[in-house]
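Please keep the sequence and the three-dimensional view at hand while reading.

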Amino acid sequence: MSSFRLVSSDSHIMEPPDLWENRIDSAYKDRAPHIVREEGYDQWYADGNIKFGVVGSNTQAGRRFDAPETIQTQGTYEDVLLGGMDPHAHVKDLDIDTVHAGVIYPSMGLTIWRIPSSDLLSACFRAYNDWLADFCAPYPNRLKGIAMLNVDSVEDGVGELKRAKKLGLAGGMIPQRPVFGRYDSPMYEPLWEASTDLDMPLAIHIGCSRWTPSEGAGAVGQSRGAGAGLVEFTNQEYDMKDNIASIIYSGVFERHPTLKIGLVEYEVSWAPYLLYRMDRHYEERPAMFDETRFKGDMIPSDFFKRNVYLSFQEDPVGIQLREYVGVETLMWGSDYPHAESTFPKSREIVDRILEGVPEEEKILIAGENCAKMFNVS
């Protein structure tokens with residue numbers, strides 16, 4: 001068995017049932033996210049009748065190995081793993097799994113982006129970020145929390161990123177589909193500047209699509225992103241192709257050479273072909289780019305290898321293609337405590353995926369790339 005350090009680039013908490021009711025700004029108490037027991041399972045609501053997260057497979061780590069037939073999409077808080085809500089139990093589970101540290105994302109918060117009201121969403125994020133900072137505080141080098149940022153207003157998102165830095169969080173999370181414009185829009189320049197100035201990396205996690213006005217308030221429960229159907233769920237890397245191509249082609253990484261963006265839980269295999277296409281179009285069809293050339297003979301894949309990190313869970317094909325995206329971009333993640341998590345067999349699974357990979361590359365992929373990005377010592 002391997003001895004290299006495992007650092008999970010994709011771990012989660014499970015938001016306690018009273019998180020928002022206890023912590024949200026007083027002006028939003030009557031609109032705060034809350035639990036309703038429906039037909040034997042716990043459903044989250046906010047702002048009246050807006051549905052988002054449901055308790056279930058997002059807290060059933062380990063069952064895939066011992067009892068996969070018991071995995072359920074709907075459940076109750078009585079069945080939630082303690083490590084999802086208690087930092088001491090979380091760290092004990094890290095030890096069981098021989099994982100040194102984890103970068104922490106939300107669970108219910110992945111779908112809370114469906115709330116149409118932007119001011120309520122910002123209030124929800126502030127409350128969550130406060131709670132997450134308290135969760136991570138007892139183990140600052142083992143639990144690296146990622147703040148949720150509302151970029152409906154980029155000024156709001158930048159302000160919360162600055163506050164997250166003061167809270168001791170390790171980075172900021174932005175939606176895979178923002179409500180206004182793609183990420184090549186000039187409106188996001190203050191966000192890129194703040195991220196680099198604060199040394200607070202940004203992350204885009206699978207499933208966190210922002211509600212858009214075209215969906216209508218009555219369609220929130222059917223909004224795009226996680227839960228929108230197997231076809232879209234299977235192909236969510238489309239959003240990353242769109243995001244990364246727009247960010248690179250618009251020169252964001254050229255203007256901000258130290259900006260770091262992590263793409264979380266999208267796996268790896270889709271990226272090599274995207275980079276091939278980007279490089280080929282850039283080199284063979286300069287007229288399509290109005291003859292614009294990057295400085296210093298840089299090509300699109302160079303920026304990807306320098307500025308982008310790919311968080312994967314189990315993608316052996318992606319590992320085989322690693323040279324095309326750069327070994328330094330790859331970060332393993334356990335997805336604890338979700339049902340698809342590698343817990344408690346993470347080392348066994350990582351060893352199998354990395355079989356035949358040179359030892360120095362194994363060390364980077366299994367933990368050190370993530371440690372570098374999120375300042376894990």
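In this predicted model, helix 5 covers residues 154-167.

Which residues of helix 5 are buried? They are Val154, Gly157, Val158, Glu160, Leu161 and Ala164. Seen down the axis of helix 5, these buried residues fall within an arc of 165° and therefore line one face of the helix. The face turned away from that buried side carries Glu155 and Lys166, both exposed. The cover over the buried residues of helix 5 includes two helices, helix 4 (118-136) and helix 6 (189-198), together with strand 6 (143-148), strand 7 (171-173) and strand 8 (202-205). After helix 5 comes Gly168, with a positive phi near 95°.

An open sheet is formed by 3 strands in the order 2-3-4, with antiparallel pairing. Strand 2 (34-38) and strand 4 (50-54) stand at the edges; each has a single partner strand, so one side of each is left without a neighbour in the sheet. From one strand to the next, the twist averages 40°.

Strand 3 comprises residues 41-46 and pairs with strand 2 in the antiparallel sense over 5 bridges. Within this pairing, Arg37 stands opposite Asp42 of strand 3, and Val36 stands opposite Gln43. On the other pairing, 3 bridges join strand 3 to strand 4, again antiparallel. Gln43 has Val54 as its bridge partner in strand 4.

The hairpin of strand 2 and strand 3 has 2 residues between the strands, and Glu39 in its turn has a positive phi of about 50°. The hairpin of strand 3 and strand 4 has 3 residues between the strands, and Asp47 in that turn likewise has a positive phi of about 50°.

How many of the residues of strand 3 are buried? The count is 6 of 6, and the strand is mostly covered. In a regular strand the side chains alternate between the two faces of the sheet. In strand 3, Tyr41, Gln43 and Tyr45 point one way, while Asp42, Trp44 and Ala46 point the other way; all are buried.

Most residues other than glycine have a negative phi, and most peptide bonds are trans. The table gives two residues that depart from the former pattern and two bonds that depart from the latter.

| Item | Feature | Value |
|---|---|---|
| Asp199 | positive phi | near 55° |
| Asp335 | positive phi | about 65° |
| Tyr336 to Pro337 | cis peptide bond | omega near 0° |
| Phe343 to Pro344 | cis peptide bond | omega about 0° |

Asp199 lies in the loop between helix 6 and strand 8.

Asp335 is found in the loop between strand 11 and helix 14. At 0% relative accessibility, Asp335 counts as buried. Pro337 has its place in the loop between strand 11 (330-332) and helix 14 (346-353), and Pro344 also lies in the loop between strand 11 and helix 14.

Terms used. Residues numbered from 1 in each chain as written. Predicted model: local features only at pLDDT ≥ 70, side-chain atom pairs only at ≥ 80, totals over all residues. Heavy atoms only, no water. Helix = DSSP H or I, 4+ residues; strand = E, 2+ residues; numbered from the N terminus. Expected span 1.5 Å × (residues − 1). Buried < 20%, exposed > 50% of the residue type's maximum accessible area, 1.4 Å probe, protein only. Arc of directions from axis to C-beta. Contact = heavy atoms within 4.5 Å. Pairing = 2+ DSSP bridges. Axes fitted to C-alpha atoms, helices over the stretch in contact; angles between N-to-C directions.
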